[in-house]
Amino acid sequence: MKAFTYRAGQLACETVPLATIAAEVGSPCYVYSAGAMRAQLQAYQDAFAARPALFCYAVKANSNIAVIRTLAAAGAGADTVSGGEIERALAAGVPPQKIVFAGIAKSAEEIRFALGSGILQFNVESVPELLRISAVAQELGTTAPVALRINPDVDAATHSKISTGRKEDKFGIPYADAPALYGMAASLPGIEPVGLHLHIGSQITTIEPFAKAYRRGIDLFNEIRGAGIPLRRLDLGGGFGVRYRSETPIPAAAFAAMVLELVAGLDVQLVFEPGRAFVAEAGALVSSVIYRKESGGRRFLVLDAGMNVLIRPALYDAYHEVLPLAEPEADAHLEPMDVVGPICESSDIFGRDRYLPLLDSGDRVAFLSAGAYGAVMASDYNSRWSAAEVLVDGDRWAVIKPGRAPGAQFADEAIPPWLEAVRT
Ligand code: LLP
């Protein structure tokens, strides 16, 4: 399902014109299509119909509780990386037995909270973490279900900053150390090794790195089981790529066929933890033109959203297609323009030479495929209004997070007593 299409000359999310939303909630704002999220989840659920898998949505991609709930209501669990994300997942209504807790820096407090909540599984990344989970579980008189995250040493062929499965990356347990660590986990009080976990990176659009990593993971899984540790769950991570520009994502059916062949005959519960694939193409960022200016022989379109709202272009050189909300006439004259944000940094640039009609102050545009790692990575840098978030479902829509005024951003800052008396 395509979330954003022109309808009667206006870019719409499902059936709602983005201009209608922006006029009410202000600009910039993120708009998400619930239908597109559900359709993506459904595509994977259908592809795995022969062998139902649990899809734990990686809430880091978009942790708004309305987004999590939309996916949870369609059967998804949650993959979390902090106590805060577990709180969000629970607040959104995800059953604890569908929550996995990953991340390399779990504190004793977070472990306590996760154990108290009765989550499905801890994905463990190091020996000290394993020891700490064991200690907290004993303190609470309980047992922690654990999967070890192994590092399969596979290059996911994606942007270096979002690659996680090479041996030099900070994630996981070295492949060669895993058998000994499973032995240790099995003997530790308060720990029950239940599974094996791996995740090699994000925005992966070719099937080979997945197949290679999964094969290595399954070999190890069998070896550990052969050694008498009754693992029952294989968490194969996320990382499924989406379309930003001209990428061709792996079709869910092709992905499932690859996995199902690898796990044929293996009695195991399959878990996946995609984030981006469920929400990226379901979201757009709407922004307004503040000025059009010319300088240094270039034409700039200066917007009210920048790296404070969507940091992916500045951080990863990411590409986001930009479309005017008002559909250009078929014969409209398009001009190359550098589309930039308002932030005082040269890296605050969405793209150079984007061909657009000669937009001007007050006109609005939308950046596509912005539903993942957009709002969640926003900051208050430069103290501008934050972007509101809106969820559309058919012809209904609702604000799921209001924009925050600069005054609200500093409302809980405080001037220390010794400065209060100082004359300014
Ligand atoms: N599981 C683990 C253990 C992860 O570290 C991640 C993402 C996921 C699942 C979900 O990956 P996904 O299916 O969304 O690719 N901010 C970057 C992406 C960072 C991904 C971090 N880990 C970006 O904007 O491209």
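## Domains and their interface

In this predicted model, 9 residues of domain 1 are in contact with 7 residues of domain 2. Domain 1 comprises residues 4-31 + 280-409, and domain 2 comprises residues 103-272. Between the C-alpha centres of the two domains the distance is 36 Å.

| Property of the interface between domain 1 and domain 2 | Value |
|---|---|
| Buried area | about 870 Å² |
| Part of the buried area given by carbon and sulfur atoms | 52% |
| Salt bridges | 0 |
| Residue pairs in polar contact (both at pLDDT 80 or more) | 2 residue pairs |

On the side of domain 1 that touches domain 2, the residues comprise 4 nonpolar, 2 polar and 3 charged. Three residues of domain 1, namely Glu281, Tyr316 and Tyr319, supply 52% of the area that this domain buries against domain 2.

## An aromatic pair

The whole structure holds 19 aromatic pairs. One of them is formed by Phe48 and Phe255, whose ring centres lie 6.3 Å apart. The planes of Phe48 and Phe255 stand at 65 degrees to each other, and the pair counts as edge-to-face.

Which parts of the chain does this pair link? Phe48 lies in the loop between α2 (34-47) and β5 (54-58), whereas Phe255 belongs to helix α9 (residues 252-262). Phe48 and Phe255 are 207 residues apart, and their pairing thus links distant parts of the chain.

Key. Residues are numbered from 1 along each chain as its sequence is written. This is a predicted model: local features need pLDDT of at least 70, side-chain atom pairs count only at pLDDT 80 or more; totals for chains, interfaces and linings use all residues. Side-chain values use heavy atoms; hydrogens and water are left out. Domain bounds come from an automatic or database domain assignment. Contact means heavy atoms within 4.5 Å. Buried area is the accessible area (1.4 Å probe) that two parts lose on being put together, summed over both. A salt bridge is a side-chain nitrogen of Lys or Arg within 4 Å of a carboxyl oxygen of Asp or Glu. A polar contact is a pair of N or O atoms within 3.5 Å; within protein, one must be able to donate a hydrogen and the other to accept it, and residues adjacent in sequence count only if both atoms are side-chain atoms. Ala, Val, Leu, Ile, Met, Phe, Trp, Tyr, Cys and Pro count as nonpolar, Asp, Glu, Lys and Arg as charged, and the others, Gly among them, as polar. Rings of Phe, Tyr and Trp (its six-membered ring) pair if their centres lie within 6.5 Å; planes under 30 degrees apart count as stacked, over 60 as edge-to-face and the rest as tilted. Helices (H or I, at least four residues) and strands (E, at least two) are DSSP runs, numbered from the N terminus.
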